[in-house]
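Reader: I'd like to learn how to read the features of a fold off a model. Can we go through them one by one?

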Amino acid sequence: MSSDLRNDSNNSNNNDVSKREDDEVLHRDPSYFQYYSQLQHQQNMLQDHVRTSAYHSAITFNGPSLFRDRLVMDVGAGSGILSFFAVQAGSKHVYAVEASGMAQKMQVMLKSAKGASGARNPYLADRITIVSSKIEDPSLLNKVPQVDAIISEPIGVLLVHERMLESYIYARDKFLRPGGAMLPSSGTIHLAPLSDAALWNETITKARFWQQDSFYGVDVNPYFAPAFDEYFSSPVVGCFSPTTLMSDSVIHEVDFHTVSMAELKEFVIPVEWNIKYTGVMHGVAGWFDLAFVPPMSSLHQGTAPSAVYMSTGPQSPATHWQQVRMLFKQPLAVNAGQVLRGAILMKVNDQRSYDISAKVIALDYEESVQTSDDALVQLFETKKSRTRTALWYLHEQIYNYSYTGESLEVPRPEAANMYLPVDQLLAESAAPATANSQSYVGGNVDTTIASVQGIPNSVTDFVIKTGSSSMQI
């Protein structure tokens, strides 16, 4: 199954340039670093409260156990905010590596910390070294020592866009002492089937612009086919309602302590979605979670870790990453109880991003149980009416900001043209309501873990905080 999808991807994109060596300078790097050298773009990230507070909590909560008196590297330091947090948490010294013009702007902050009168942030004085370079520059191996922890915000849309994770992993391999910590420690990609007729209709309407016989006297129909391909290969970035999801998500976890460079550049996410509603699947929705969990090997003796988690999912507060929707050219009708099987291949390209290939098939539950992965390949060929394939280019993302949040009324799946089986629909009123009742995938009850904080002098007891409660275990 995986090799079949890889072959399809290779055939559809023979010009893909996916190999990236440590010393490679991607041709879009000048514009990439120019973008991040502007304070307005740094401000956009800093004002993302979910993002900034998660990093602040992860670093400061682990101050006594991890950062105190330790050497730290900040990869892609940007405004320097993570470096400043690390100093606040007690780090002995921080090496802030930044390749854009922000490196020079950070110097202004550090200079102000040494002001003869009225110094600003004096605690930063002589605690940070700014390294104006890409982390892959070989000369850094002789300039920067091994560190106890690496902090970074190398994350893009769907976790991997912009390919900064490769720089993060390179820093781990070259500069992190054995047993050291990576914060964030892991990321998890979520993918789920999506029913969104409004977005699909909006997209096809844009493409149909080119189906005009006389646009100021010009027949522009020859442009329709490439326009259709372009619109439906462009992921749509923006928030959406969790009620548009037709099943729970499948996940792909990336452990930043152990993942190899090759595993980052190409990976397959097996798909097995148990469809909960009868309706029309218009594509695939995606988002990611981050975990900040330092390993015990990185901590001062006798201390416990404090774990922090954040999600960019549709049930969570919005972030600047938002979510992403990837549309099929032809929607797929599915019934509640069916199983969608297949795989999604993510492979790097030369645009600091990924090409995403998908192949899925709708099977009845019993049919799915009896179908092996090898047999599935044959079904793709014989059951084409139930099969959908797609190719999306993550760097060609477009934006849609039409979703502004749920109304005060409890949303129902039929509002999204998705329909529960009759027995489940009747069961909703037959059983007594409970505080945790949810009538659709991704209801309003917030049970997302916000943080897990270690209890001093214990390595087994933790305080878990969710969106609605706290508990000690």
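Reader: How are α9 and α10 oriented to each other, roughly parallel or roughly antiparallel?

Author: A few ground rules come before that. This is a predicted model, so local features need pLDDT of at least 70 and side-chain atom pairs count only at pLDDT 80 or more, while totals for chains, interfaces and linings use all residues. Residues are numbered from 1 along each chain as its sequence is written, and side-chain values use heavy atoms, with hydrogens and water left out.

Author: Helices (H or I, at least four residues) and strands (E, at least two) are DSSP runs, numbered from the N terminus. Axes are lines fitted to C-alpha atoms, for helices over the stretch in contact, and angles run from 0 to 180 degrees between N-to-C directions. Under 35 degrees counts as roughly parallel, over 145 as roughly antiparallel, 65 to 115 as roughly perpendicular and the rest as oblique. Here α9 (residues 197-208) and α10 (residues 224-232) pack at about 150°, axes 8 Å apart. So α9 and α10 are roughly antiparallel to each other.

Reader: Which residues of α9 and α10 make the contact?

Author: Contact means heavy atoms within 4.5 Å. From α9 you get Trp200, Thr203, Ile204, Lys206, Ala207 and Arg208, and from α10 Phe224, Phe228, Tyr231 and Phe232. Those residues divide into 7 nonpolar, 1 polar and 2 charged (nonpolar is Ala, Val, Leu, Ile, Met, Phe, Trp, Tyr, Cys and Pro; charged is Asp, Glu, Lys and Arg; polar is the others, Gly among them).

Reader: Now sheets. What is the strand order in the open sheet of 5 strands?

Author: Two strands pair if DSSP finds at least two bridges between them. The order is β3-β2-β1-β4-β5, with parallel pairing. β3 (128-131) and β5 (176-183) are the edge strands with a single partner each, so one side of each has no neighbour in the sheet. The twist averages 20° from one strand to the next. Between β4 and β5 there are 4 bridges, and Ala149 sits opposite Ala181 in β5.

Reader: And what pairing does the open sheet of 4 strands have?

Author: That one is antiparallel, in the order β9-β13-β14-β15. Its edges are β9 (266-274) and β15 (387-393), each with a single partner strand, so one side of each is left open in the sheet. Strand β14 (residues 354-363) is joined to β15 by 7 bridges, and Ile356 has Trp392 of β15 as its bridge partner. Helix α13 (residues 373-382) lies across β13 (339-348), β14 and β15, at about 90° to β14.

Reader: How many salt bridges does the rule give?

Author: Side chains of opposite charge can pair when their charged atoms come close. The rule wants a side-chain nitrogen of Lys or Arg within 4 Å of a carboxyl oxygen of Asp or Glu, and the count comes to 13. One of them is Arg51 with Glu153, closest N and O atoms 2.8 Å apart. Arg51 is in helix α4 (residues 49-61) and Glu153 in the loop between β4 (147-152) and α8 (165-175), 102 residues apart.

Reader: Which peptide bond is cis?

Author: Most residues other than glycine have a negative phi, and most peptide bonds are trans. The bond from Leu183 to Pro184 is cis, with omega near 10°, and Pro184 is in the loop between β5 and β6 (186-194). As for phi, look at Gln322: a positive value of about 55°, although Gln322 is not a glycine.
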